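The sequence and the structure come first.

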Amino acid sequence: MRNIVAICGSLRPGSSNHNLLRAAAESAPDEVAFTWVDWKNIPIFDDMSAPTEEILAIANQVNAAHAVIIASPEYNWSIPGGLKNLLDWLSRVGFNPFEAKPTLIMGTSLGKLGTARMQPHLRQVMGHFKAQLVDDPEVAIGHSDQIFNSDGDLIDAAASQLVKSAVAKLISQTPSIS
Ligand SMILES: Cc1cc2nc3c(=O)[nH]c(=O)nc-3n(C[C@H](O)[C@H](O)[C@H](O)COP(=O)(O)O)c2cc1C
(Lines give C-alpha, C1' and ligand atoms only; values in the text may rest on other atoms or scores of the structure.)
Protein backbone atom coordinates (compact mmCIF):
# COMPACT_ATOMS: atom_id res chain seq x y z
CA MET A 1 0.00 0.00 0.00
CA ARG A 2 1.28 3.47 -0.92
CA ASN A 3 1.25 5.92 1.90
CA ILE A 4 1.10 9.70 2.32
CA VAL A 5 1.65 11.12 5.76
CA ALA A 6 -0.46 14.15 6.74
CA ILE A 7 0.81 16.77 9.19
CA CYS A 8 -1.60 19.42 10.39
CA GLY A 9 -0.20 22.61 11.90
CA SER A 10 -3.34 23.14 13.99
CA LEU A 11 -4.53 21.10 16.95
CA ARG A 12 -7.83 22.95 17.12
CA PRO A 13 -10.93 20.73 17.10
CA GLY A 14 -12.69 21.49 13.81
CA SER A 15 -9.47 22.84 12.30
CA SER A 16 -9.94 24.10 8.77
CA ASN A 17 -6.46 22.85 7.89
CA HIS A 18 -7.36 19.40 9.16
CA ASN A 19 -10.41 19.57 6.90
CA LEU A 20 -8.20 20.67 3.99
CA LEU A 21 -6.09 17.55 4.58
CA ARG A 22 -9.27 15.46 4.59
CA ALA A 23 -10.15 16.92 1.19
CA ALA A 24 -6.65 16.06 -0.03
CA ALA A 25 -7.02 12.50 1.25
CA GLU A 26 -10.37 12.13 -0.51
CA SER A 27 -8.89 13.34 -3.80
CA ALA A 28 -6.04 10.81 -3.76
CA PRO A 29 -6.36 7.49 -5.63
CA ASP A 30 -7.86 4.61 -3.62
CA GLU A 31 -4.58 2.74 -3.47
CA VAL A 32 -2.93 5.63 -1.60
CA ALA A 33 -3.47 5.48 2.16
CA PHE A 34 -3.21 8.49 4.46
CA THR A 35 -1.76 8.32 7.94
CA TRP A 36 -1.96 11.25 10.32
CA VAL A 37 0.82 12.54 12.52
CA ASP A 38 -0.41 12.94 16.09
CA TRP A 39 1.87 15.46 17.77
CA LYS A 40 -0.46 16.95 20.36
CA ASN A 41 1.48 15.59 23.36
CA ILE A 42 5.06 16.19 22.31
CA PRO A 43 7.31 18.18 24.64
CA ILE A 44 8.81 21.56 23.90
CA PHE A 45 12.12 21.15 22.14
CA ASP A 46 15.39 21.83 23.89
CA ASP A 47 18.82 20.89 22.63
CA MET A 48 19.74 18.93 25.77
CA SER A 49 17.04 16.23 25.86
CA ALA A 50 17.02 13.15 23.69
CA PRO A 51 13.98 12.72 21.46
CA THR A 52 11.16 10.84 23.19
CA GLU A 53 9.72 7.54 21.95
CA GLU A 54 6.81 9.53 20.55
CA ILE A 55 9.10 11.84 18.54
CA LEU A 56 11.04 8.85 17.22
CA ALA A 57 7.78 7.15 16.24
CA ILE A 58 6.72 10.26 14.30
CA ALA A 59 10.14 10.45 12.63
CA ASN A 60 9.83 6.80 11.57
CA GLN A 61 6.26 7.38 10.39
CA VAL A 62 7.42 10.25 8.15
CA ASN A 63 10.51 8.36 7.01
CA ALA A 64 8.41 5.35 5.97
CA ALA A 65 5.91 7.41 3.97
CA HIS A 66 6.16 7.79 0.22
CA ALA A 67 5.18 11.46 0.40
CA VAL A 68 4.15 14.15 2.88
CA ILE A 69 1.42 16.79 2.96
CA ILE A 70 1.62 19.58 5.53
CA ALA A 71 -1.41 21.83 5.95
CA SER A 72 -1.05 24.65 8.41
CA PRO A 73 -2.61 27.89 9.51
CA GLU A 74 -0.64 31.10 9.66
CA TYR A 75 -0.06 32.55 13.11
CA ASN A 76 1.14 36.13 13.22
CA TRP A 77 2.28 35.92 9.61
CA SER A 78 4.41 32.82 10.22
CA ILE A 79 4.61 29.11 11.13
CA PRO A 80 2.58 28.14 14.22
CA GLY A 81 4.95 27.51 17.12
CA GLY A 82 3.62 24.00 17.70
CA LEU A 83 4.42 22.92 14.16
CA LYS A 84 7.86 24.55 14.27
CA ASN A 85 8.49 22.75 17.56
CA LEU A 86 7.64 19.42 15.89
CA LEU A 87 9.94 20.18 12.96
CA ASP A 88 12.77 21.16 15.30
CA TRP A 89 12.42 17.80 17.06
CA LEU A 90 12.41 15.97 13.72
CA SER A 91 15.68 17.67 12.81
CA ARG A 92 17.36 16.04 15.81
CA VAL A 93 16.51 12.33 15.61
CA GLY A 94 19.76 11.08 14.11
CA PHE A 95 18.46 10.87 10.54
CA ASN A 96 16.53 13.15 8.22
CA PRO A 97 12.96 11.84 7.87
CA PHE A 98 12.19 14.37 5.12
CA GLU A 99 15.30 13.76 2.98
CA ALA A 100 14.22 13.84 -0.70
CA LYS A 101 10.63 13.27 0.44
CA PRO A 102 8.05 14.59 -2.03
CA THR A 103 6.23 17.18 0.06
CA LEU A 104 3.20 19.38 -0.54
CA ILE A 105 2.60 22.46 1.60
CA MET A 106 -0.96 23.74 1.89
CA GLY A 107 -2.73 26.19 4.13
CA THR A 108 -5.97 27.98 4.74
CA SER A 109 -6.68 30.87 7.06
CA LEU A 110 -9.34 33.39 7.90
CA GLY A 111 -7.48 36.20 6.18
CA LYS A 112 -7.77 36.77 2.47
CA LEU A 113 -4.11 35.84 1.83
CA GLY A 114 -4.73 32.33 3.10
CA THR A 115 -1.30 31.59 4.73
CA ALA A 116 0.65 33.21 1.86
CA ARG A 117 2.89 34.94 4.42
CA MET A 118 3.53 31.74 6.39
CA GLN A 119 4.29 29.43 3.48
CA PRO A 120 7.64 30.96 2.41
CA HIS A 121 8.86 30.46 5.99
CA LEU A 122 7.75 26.83 5.98
CA ARG A 123 9.25 26.28 2.54
CA GLN A 124 12.55 27.58 3.84
CA VAL A 125 12.53 25.17 6.79
CA MET A 126 11.53 22.23 4.60
CA GLY A 127 14.25 23.24 2.14
CA HIS A 128 16.75 22.87 4.97
CA PHE A 129 15.42 19.32 5.43
CA LYS A 130 16.03 18.78 1.68
CA ALA A 131 12.40 17.84 1.16
CA GLN A 132 11.38 17.71 -2.50
CA LEU A 133 8.74 20.43 -2.45
CA VAL A 134 5.87 20.82 -4.88
CA ASP A 135 6.47 24.30 -6.33
CA ASP A 136 3.26 24.67 -8.23
CA PRO A 137 0.35 25.00 -7.65
CA GLU A 138 0.57 26.92 -4.39
CA VAL A 139 -2.33 26.06 -2.11
CA ALA A 140 -2.97 29.16 0.00
CA ILE A 141 -6.70 29.54 0.47
CA GLY A 142 -8.23 32.54 2.21
CA HIS A 143 -11.55 32.95 4.00
CA SER A 144 -11.38 29.55 5.66
CA ASP A 145 -14.70 30.27 7.38
CA GLN A 146 -16.50 30.26 4.01
CA ILE A 147 -15.17 27.23 2.13
CA PHE A 148 -16.33 24.30 4.31
CA ASN A 149 -19.80 23.16 5.27
CA SER A 150 -20.81 22.41 8.85
CA ASP A 151 -19.50 18.84 8.46
CA GLY A 152 -16.07 20.18 7.49
CA ASP A 153 -16.38 19.17 3.85
CA LEU A 154 -14.64 21.42 1.34
CA ILE A 155 -17.50 22.89 -0.68
CA ASP A 156 -15.77 25.73 -2.51
CA ALA A 157 -15.35 24.56 -6.11
CA ALA A 158 -12.19 26.55 -6.87
CA ALA A 159 -10.51 25.48 -3.61
CA SER A 160 -11.50 21.88 -4.22
CA GLN A 161 -10.05 21.94 -7.74
CA LEU A 162 -6.84 23.51 -6.43
CA VAL A 163 -6.39 20.80 -3.80
CA LYS A 164 -7.07 18.08 -6.37
CA SER A 165 -4.48 19.46 -8.81
CA ALA A 166 -1.90 19.91 -6.04
CA VAL A 167 -2.35 16.32 -4.84
CA ALA A 168 -2.10 15.10 -8.44
CA LYS A 169 1.14 17.06 -8.80
CA LEU A 170 2.51 15.59 -5.57
CA ILE A 171 1.71 12.10 -6.79
CA SER A 172 3.30 12.81 -10.18
CA GLN A 173 6.45 13.85 -8.30
CA THR A 174 6.41 10.62 -6.30
CA PRO A 175 7.71 7.83 -8.57
CA SER A 176 7.00 5.19 -5.94
CA ILE A 177 3.28 6.07 -6.13
CA SER A 178 2.63 7.34 -9.67
C1 LIG B 1 -2.37 33.22 17.48
C2 LIG B 1 -3.09 33.40 16.17
C3 LIG B 1 -2.52 34.14 15.16
C4 LIG B 1 -3.15 34.27 13.92
N5 LIG B 1 -2.52 34.95 12.92
C6 LIG B 1 -3.07 34.94 11.67
C7 LIG B 1 -2.35 35.49 10.56
O8 LIG B 1 -1.24 35.98 10.69
N9 LIG B 1 -2.94 35.43 9.34
C10 LIG B 1 -4.18 34.86 9.16
O11 LIG B 1 -4.66 34.84 8.03
N12 LIG B 1 -4.88 34.35 10.19
C13 LIG B 1 -4.35 34.36 11.43
N14 LIG B 1 -5.02 33.80 12.48
C15 LIG B 1 -6.36 33.26 12.25
C16 LIG B 1 -6.28 31.85 11.66
O17 LIG B 1 -6.28 31.99 10.27
C18 LIG B 1 -7.50 31.04 12.08
O19 LIG B 1 -7.53 30.92 13.48
C20 LIG B 1 -7.50 29.68 11.39
O21 LIG B 1 -8.81 29.17 11.42
C22 LIG B 1 -6.59 28.69 12.09
O23 LIG B 1 -6.52 27.47 11.37
P24 LIG B 1 -7.32 26.16 11.83
O25 LIG B 1 -8.79 26.39 11.46
O26 LIG B 1 -6.72 25.06 11.03
O27 LIG B 1 -7.15 25.99 13.30
C28 LIG B 1 -4.41 33.68 13.72
C29 LIG B 1 -4.98 32.92 14.77
C30 LIG B 1 -4.33 32.77 15.95
C31 LIG B 1 -4.97 31.91 17.02
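Helices (H or I, at least four residues) and strands (E, at least two) are taken as DSSP runs and numbered from the N terminus. On that basis the chain has 5 helices and 6 strands, and along the sequence these follow the pattern β-α-β-α-β-α-β-α-β-β-α. The model is a predicted one, in which local features need pLDDT of at least 70 and side-chain atom pairs count only at pLDDT 80 or more, while totals for chains, interfaces and linings use all residues. Residues are numbered from 1 along each chain as its sequence is written.

The C-alpha trace spans about 45 × 35 × 25 Å along the principal axes of the chain. The radius of gyration is taken over C-alpha atoms, and the globule rule is 2.2 Å times the number of residues to the power 0.38. For 178 residues a compact globule would have a radius of gyration near 16 Å, and the 15 Å of the chain agrees with this.

Two packed helices are described by the angle between their axes and the distance between the axes. Axes are lines fitted to C-alpha atoms, for helices over the stretch in contact, and angles run from 0 to 180 degrees between N-to-C directions. Helix 1 (residues 16-27) packs on helix 5 (residues 157-172) at an angle of about 60°, with the axes 9 Å apart. Helix 1 is therefore oblique to helix 5, given that angles under 35 degrees count as roughly parallel, over 145 as roughly antiparallel, 65 to 115 as roughly perpendicular and the rest as oblique. Residues are in contact if their C-beta atoms, placed from the backbone, lie within 7 Å; Leu 20, Ala 23, Ala 24 and Ser 27 of helix 1 meet Ser 160, Val 163, Lys 164 and Val 167 of helix 5.

Most residues other than glycine have a negative phi, and most peptide bonds are trans. The table gives the exceptions.

| Site | Value | Loop |
|---|---|---|
| Asp 136 and Pro 137 | cis peptide bond, omega about 5° | Pro 137: between strand 5 (132-133) and strand 6 (139-141) |

Finally, 14 residues surround the ligand, the closest being Ser 10, Asn 17, Pro 73, Ser 109 and Gly 111, where a residue is near if its C-beta atom, placed from the backbone, lies within 6 Å.

Methods: Contact = placed C-beta atoms within 7 Å.
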